[in-house]
Amino acid sequence: MKQKLASADYQFAKTITSMPSKQQHVLWIKLYSFLLLPIIGYAGLMLLISIKHQFYFTFFATILSVFLLLAFLTIYTFRFSNFTFYVVKNWINLPAVAVNKPFWTWPLYYLLKEQRMMLLICKVFSILSFKVILLVFADVGNDIRVYLTALLAVVLSHAVLIFNLIKFDAFYAAFAKNLPISAIKRLCYWLLVFMMFLIPELIQLVWLSDLNTFQLINCLFFCVATMLGLQMLVYLLKADMERYMKYLLFFFFVSMLAILAGHYFLFSLLLISFAVVTFFWKYNRLDLKEIA
C-alpha cells in the first residue's frame with residue numbers, strides 16, 4: 001500500500017488528507033477490512049470453533065490479533081499520508097554499529113525493510129490458517145495428515161513472499177552468478193531463508209502436536225519440498241504473477257491428494273528432486289532479466 005501511494009499513478013489519493021482525521025481513519029479501516037477479507041474470514045471461523053470447543057484464550061487472542069492488525073495498518077497509513085512532509089531531526093546521534101550481513105540473509109533484510117506489511121499479513125494469515133485447520137479437525141486425533149494439511153496452508157500463505165523474493169534476487173542479486181558461489185551453496189542459502197520463514201509455525205507444530213520424531217521429520221521434509229516447489233514454479237513461469245496464481249490452485253489440489261492418499265513422503269521426495277534438478281539446470285541457463 002505504501003508503494004502504491006508513493007507512485008505517480010496514485011497521486012489522487014493525497015486528496016484524502018483533506019478529510020477530517022476521524023473520516024480518514026474510518027476510510028482506511030474499511031479499505032483494509034476489504035483487502036484482508038480472507039484473514040478476517042479465517043478469524044471468524046476460528047472464533048466459531050473456539051466458542052464450540054470452549055477455547056476461550058484462542059477466542060480473545062484472535063480478536064485482539066485482528067484488532068491490532070487493522071489498527072496498526074490504519075495508523076501507519078494515516079501517518080504516512082499526512083506527515084511525510086515533516087522533517088525528523090535526530091537530537092541524539094548514536095554511534096552506528098556496523099553489522100555484517102551474510103549474502104544469504106539479503107532476502108530477509110529486503111523483507112524487513114521493503115516488504116514489512118506483506119510479511120506481517122502473510123505471517124498472520126499463516127498462523128491463523130494453521131490454527132483454524134487444527135481446530136476444525138480437533139476431533140480427528142493425532143493424525144499426521146491433519147498437520148500436513150495445516151502446513152500446506154502455511155506454505156501457500158507464503159506464496160506471494162516467495163514470488164517477491166525471487167523477483168528481488170533476480171534484480172538485485174543477479175551478480176552472484178559471476179561470483180565463485182556454486183549452485184549447491186545458493187540452494188542451501190534459499191533453504192535457510194525458507195526455514196527462517198517457518199520457524200513460528202514449526203514451533204507451534206512441536207508444541208501442539210504429539211507426533212513422534214519420525215513424523216516431525218516427515219512434516220519438515222514436506223515443508224522444504226513444497227517451498228522449493230513454489231520457487232521452481234516461479235522460475236518455470238518466469239515470474240508471471242497471473243499464471244503463478246493459477247498454478248497455485250493446481251499445486252494445492254495435487255498436494256492435498258497426496259496427503260489424503262497417504263503418499264506424502266513419496267510426493268515430497270519427487271517434488272524436492274524435481275525442484276533441485278530444475279534449480280541446477282536453470283542456474284546458469286536462465287536469463288534473470290526475464291524474471292526481474
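Buried means under 20% relative accessible area, exposed over 50%, and partly exposed in between, with a 1.4 Å probe and protein chains only. The model is predicted, so local features need pLDDT of at least 70 and side-chain atom pairs count only at pLDDT 80 or more, while totals for chains, interfaces and linings use all residues. Residues are numbered from 1 along each chain as its sequence is written, and side-chain values use heavy atoms, with hydrogens and water left out.

**Exercise 1.** Classify the ring pair of Phe 59 and Phe 60, and state whether each residue is buried or exposed.

*Solution.* Rings of Phe, Tyr and Trp (its six-membered ring) pair if their centres lie within 6.5 Å; planes under 30 degrees apart count as stacked, over 60 as edge-to-face and the rest as tilted. A search of the whole structure finds 10 aromatic pairs. For Phe 59 and Phe 60, the ring centres are 5.2 Å apart and the planes stand at 85°, so this pair is edge-to-face. Phe 59 has 18% relative accessibility and therefore counts as buried. Phe 60, at 55%, counts as exposed.

**Exercise 2.** Classify the ring pair of Phe 222 and Phe 267.

*Solution.* The ring centres of Phe 222 and Phe 267 lie 6.4 Å apart with planes at 40°, so the pair is tilted. This pair links distant parts of the chain, 45 residues apart: Phe 222 belongs to helix α11 (residues 213–236) and Phe 267 to helix α13 (residues 264–283). Helices here are DSSP runs (H or I, at least four residues), numbered from the N terminus. Phe 222 is buried at 1% relative accessibility, and Phe 267 is buried at 16%.

Note on methods:
Helix = DSSP H or I, 4+ residues; strand = E, 2+ residues; numbered from the N terminus.
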